[in-house]
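Colleague: I want to go through this model feature by feature. Show it first, then let us start with confidence.

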Amino acid sequence: MRLPLFSRLGIRFSIVQVLILLVSVAIMVAVAVNQIRVFGSYAVEQNRASFLEQAEKHLGDVARERALHLHAVFRQAEIQTASIARRVEQVLSKRDFYARENFNPGESFSLDPRNRIFTNQTRSLASCVYWGRSALSPEITADMTALSHLDPLLEEVQRSVPGAAAAWLITSNAIARYYPNIHHVDLMPPVQEYDYHDDLCYLLATPEHNPEKKVAWHEVYQDSMGQGLVITVSAPAYSEAGEFLASAGIDISLDAILREVVTPETAGRNDFSFVLDRGGQIIAFPLDQLDAFGLETSGAEGQLLEYNLSASTIPEVRAVVNRMLQHRPGSARLFLGCEEYILAYHPMGELGWTFGHVEPMTEVLASVRRTQLGIGASLDVVVGRFFWVALAVLACTLGAILLFFTFSLFRPMSRLTATVRRVSAGDLEARSGVRRRDELGELALAVDEMAAEIQEQRHCLLEARENYRELFEGATSGLYRTTVEGKLLSANRAFAHMFGCESVDEFHAWATDVREVMYANPLDRDRFITAIQEQNELHDYEIRGRRRDGAEFWATTTVRTVRDSEGAISYYEGSAVDISDRKRVEEYQARLSQELIRIQEAERRGLALELHDNLAQDLSALKISFEMLLDDQADVDPATRRRAENCSELLRRCIVGVRGMAQGLGPFGLEELGLKGVLREYCSRFAEASGVAMDFNAAGLVGVDLPVDVLVHLFRIVQEALNNVRAHSRARSVTVRLVTSHPNLILRVEDDGVGFNGVASSEQSLGSVRMGLVSIRERGRLLGGRAEIDSVPGRGTRVLVEIPLSSVRHIDDGDSMG
């Protein structure tokens, strides 16, 4: 086979490729130039975003570092305060030892005439005052001497804690020591005007205000002694017996601490820091920045506590402050006036304060603007060079692509096309002859293998078709296919013979409409279609068919639904077996069983009447004779009279037993009481005899006339179920329900006994004590219904009988009653 040098597809492809590449060059150059510019802008923007991200992280680190620094200072103050309190407990617990000698040699106490407070001299290490009484008792003097040994500790604490203005202690008996010794009695009012036990710094440690005995912080306040903003930390001291002894504390001046924190890191920069308390009140804030944050200032530094940043007139500031007061670290961007700021904040631990650091955006992005100018200058040079390089590369690529596709794709494709056309025309010996080690070679190999496989499959298909035809035609079961509309598509010889046709062709000519011709009742076809559409396939489904000569027969069919690729029903295919002989045998067995049960009931009724009318009457007469035997014998021995009475009682029990046997053998009173009355009376006698609680109810029986045989069957079912309860279940209660629920009559007997294995019971019921279960099922079948016996070990047993009213009305043509 000779192929052209260039295929038509190759020529068209080459022309289109040239046009596409030429257009692509122009578009690529334009897009590349634009993308370079976009990339430059993107790089600048990414640089800006990255820088802002790093700046926010850095500011967050700064805020966290300074917040942790302040937290460490306050934590140190808490530890030192607790150490003072513990030392107070130790000293006062060993007061006799420490009161022997004062730490400050020559320390004495005198009464200040102005405010009537005892105080020591200024030469002592710490100032000490007493304001409890107008005279010093020996106990107070001993406490003041013992507490003097705490002066070195107060000095050490005041010097070691950053910003500590003073360290002090106040006892519950009105003694105070204060370092440094500023002779603060001069600053104290008279005791009639003010008691230092009412000072909040003391009260914070008392049991009434601090039952947990923890270290407590006072709110920030403006110190009256000129120390600026001060915060006090207090701790309680208790005796070993749990008695409150004193309050120890440290006054910390915030001015010195916060001045270091809020000062900018580098001179000349506009960044600053601030501190807020748990309610947004300003602790530290540059005065010159308050107006920018929406707060009107009076210019006095000592009045910072009057400002609350959450009261700012700027909504953005208030929103940020609300997030800060949630005591979680974070950052935010603010537009204040014409300038943008970055704010980072971090909580400061147990105090509930928040530290914030602010930096203008202009200072953060200074380096970004320099980078943007440098990138803009480089873009023009890069764009020009890229244009010429892209043009040269695309020209070379165009030539290479044209050569490659011409010799590597189009000529082999032409060979493959020719081979496929020969195979489709029936030449299954055709092969492409293309041998390559790439995807095209794999395609050529696949085409050759496909041709060989088609050749083999054709041979197998012809052989399988012949085997299927032999199997289909020779099957002993009827095989068929029909559509949903009722058209017969195919059938084998056995199916045709089932409908009385000699050949398949004759059957096809006769069965033009499956619904009207092949079914004895066309409505059965409708019910069959409904069932198969609901279940998609049916097994052993019984149908009543009609032969060509009009005779009816029974058959079972197993059928499935065949659908197309879209899920729509294509046809039904299945097999059918003639079961007419089996149906006749079943009907004969049913009539035989019914006749046997009828004879059994007649025998039971006759025996019951014999027991009730003859034997019971004779026993009653004998009992009366025994009772009257000794009536005219006045001198009868008492022992003889008792024996006669015992015989009379034995006869009475025999009479009761005989009558019970008669009631069990034949249900008396069906004609007078009806089924409901007879069952109610029988259930009452059963409950009285067995001690099992009975719950009987019947409903819907008014106007329902049932044959006597049906009533007897229903009574026997209840009787057998209750006998099984009495013999095997060990139940405490039994429920019996008889209701009419159109179109069925439903009987249910349910107990709460031990139950049994339902499968084992079914297998072992014949010839065992549970023969009654088989009788229940057989009577349900004879009535045209079904009887289900469900039982689970440990959960009781339920007998459920459902009987169609339409079937029981035709069982017997004799008397009927409800």
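Colleague: Over residues 810–818, how many contacts beyond four places in sequence does the model have?
Modeller: pLDDT, the predictor's confidence in each residue from 0 to 100, stays under 50 over that stretch. A contact means heavy atoms within 4.5 Å. Where pLDDT is low, the predicted coordinates should not be read in detail. For residues 810–818 the contacts beyond four places in sequence number 26.

Colleague: What ground rules apply here?
Modeller: This is a predicted model, so local features need pLDDT of at least 70 and side-chain atom pairs count only at pLDDT 80 or more, while totals for chains, interfaces and linings use all residues. Residues are numbered from 1 along each chain as its sequence is written, and side-chain values use heavy atoms, with hydrogens and water left out.

Colleague: How many contacts beyond four places in sequence does the model have for residues 759–769?
Modeller: Here too pLDDT stays under 50. The contacts beyond four places in sequence come to 10.

Colleague: What share of the residues score at least 70?
Modeller: The average pLDDT of the chain is 79. The share scoring at least 70 is 81%.

Colleague: Which residues does Thr483 touch, not counting residues up to four places away in sequence?
Modeller: Thr483 sits in the loop between β15 (478–482) and β16 (488–491). Helices (H or I, at least four residues) and strands (E, at least two) are DSSP runs, numbered from the N terminus. Thr483 is buried at a relative accessible area of 11%; buried means under 20%, exposed over 50%, partly exposed in between, with a 1.4 Å probe and protein chains only. Its partners are Leu489, Arg525, Ser570, Tyr571 and Tyr572.

Colleague: Is Ala174 buried or exposed?
Modeller: Ala174 has a positive phi, near 75°, in a residue other than glycine. Its place is the loop between β4 (164–171) and β5. With a relative accessible area of 4%, Ala174 is buried.

Colleague: What is the relative accessible area of His327?
Modeller: His327 also has a positive phi, near 60°. The loop between α7 (315–324) and β12 (330–336) holds His327. This residue is partly exposed, and the value is 33%.

Colleague: Which residues form a nonpolar patch on the surface?
Modeller: Patch residues have over 30% relative accessible area and no salt bridge; like charges are joined within 9 Å, nonpolar side chains (Val, Leu, Ile, Met, Phe, Trp, Tyr) within 5 Å. Together the members have about 250 Å² of accessible area, from the Shrake-Rupley method with a 1.4 Å probe. One of them, Val31, is in helix α1 (residues 8–93) and is partly exposed at 41%. The patch is Val23, Ile27 and Val31.

Colleague: How many disulfides does a search of the whole structure find?
Modeller: A disulfide is a pair of cysteine sulfur atoms within 2.5 Å. Cys460 is partly exposed at 35%, and Cys647 is partly exposed at 33%. The search finds zero.

Colleague: How many salt bridges does the count come to?
Modeller: The rule asks for a side-chain nitrogen of Lys or Arg within 4 Å of a carboxyl oxygen of Asp or Glu. The count comes to 22.

Colleague: Which residue forms a salt bridge with Glu78?
Modeller: The closest N and O atoms are 2.8 Å apart. Both partners lie in helix α1, three residues apart, about one turn of the helix.

Colleague: Where do Arg685 and Glu681 lie?
Modeller: These two form a salt bridge, with the closest N and O atoms 3.3 Å apart. They are four residues apart, about one helical turn. Their location is helix α17 (residues 670–690).
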